[in-house]
Amino acid sequence: MDEPLPTLIETLAGLAAAQMVLIETLHEQRVLDKTHFAHAFARALDGLAPEHRGGMVEHVLRNLRDRCMNLRGGESDAQEWLRQLLART
């Protein structure tokens, strides 16, 4: 029973990373402007249902928004949330 949670977290992290690779690549090729994605992630955060606030969905969206705006200083909210989650198990 200890295996599924880390596997799920690694899968979600991989999916978020894949999104950033795609966005960065298309931005570098001048196909799109990644700030549009930052605004889209911000709008998704604004419309997030109360039951998802403070959870993984919010932290992943916040991290994606920040990365699209080139805000990479320090530890991301998602990393902090994962550390706290894993400390409880």
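Analyst: Contact means heavy atoms within 4.5 Å of each other. Helices (H or I, at least four residues) and strands (E, at least two) are DSSP runs, numbered from the N terminus. This is a predicted model, in which local features need pLDDT of at least 70 and side-chain atom pairs count only at pLDDT 80 or more, while totals for chains, interfaces and linings use all residues. Residues are numbered from 1 along each chain as its sequence is written, and side-chain values use heavy atoms, with hydrogens and water left out.

User: Which residues does Lys34 touch, not counting residues up to four places away in sequence?

Analyst: Lys34 is found in helix H2. Lys34 touches Ile23, Glu24, His27, Arg67, Cys68 and Asn70.

User: Is Lys34 buried or exposed?

Analyst: Buried means under 20% relative accessible area, exposed over 50%, and partly exposed in between (1.4 Å probe, protein chains only). Lys34 has 6% relative accessibility and therefore counts as buried. Of the 89 residues of the chain, 27% count as buried.

User: How many helices and strands are in the chain?

Analyst: The chain holds 4 helices and 0 strands, and along the sequence its pattern reads α-α-α-α. Among contacts between residues at least 6 apart in sequence, 48% join residues at least 24 apart.

User: Which residues make the contact of H2 with H3?

Analyst: From H2 the contact is made by Lys34, Phe37, Ala38, Phe41, Ala42, Ala44 and Leu45, and from H3 by Glu58, Leu61, Arg62, Leu64, Arg65, Arg67 and Cys68. These residues divide into 9 nonpolar, no polar and 5 charged. In this grouping Ala, Val, Leu, Ile, Met, Phe, Trp, Tyr, Cys and Pro count as nonpolar, Asp, Glu, Lys and Arg as charged, and the others, Gly among them, as polar.

User: What is the reach of H3 from its first C-alpha to its last, and which of its residues are buried?

Analyst: The expected span of a helix is 1.5 Å times one less than its number of residues. H3 has 13 residues and reaches 18 Å, close to the 18 Å expected. The buried residues of H3 are Met56, Glu58, His59, Leu61, Asn63, Leu64, Asp66 and Cys68. For Asn63 the relative accessible area is 18%, and its C-alpha atom is separated by 9.8 Å from that of Ala38, 25 residues apart along the chain.

User: What may be read in the loops?

Analyst: Arg30 lies in the loop between helix H1 (4–28) and H2. Arg30 has a positive phi of about 65° although it is not a glycine, and at 78% relative accessibility it counts as exposed. Just after H3, Asn70 also takes a positive phi of about 65°. Met69 is in the loop between H3 and helix H4 (77–88) and, at 38% relative accessibility, counts as partly exposed. Leaving aside neighbours within four places in sequence, Met69 is in contact with Thr35 and Ala38.
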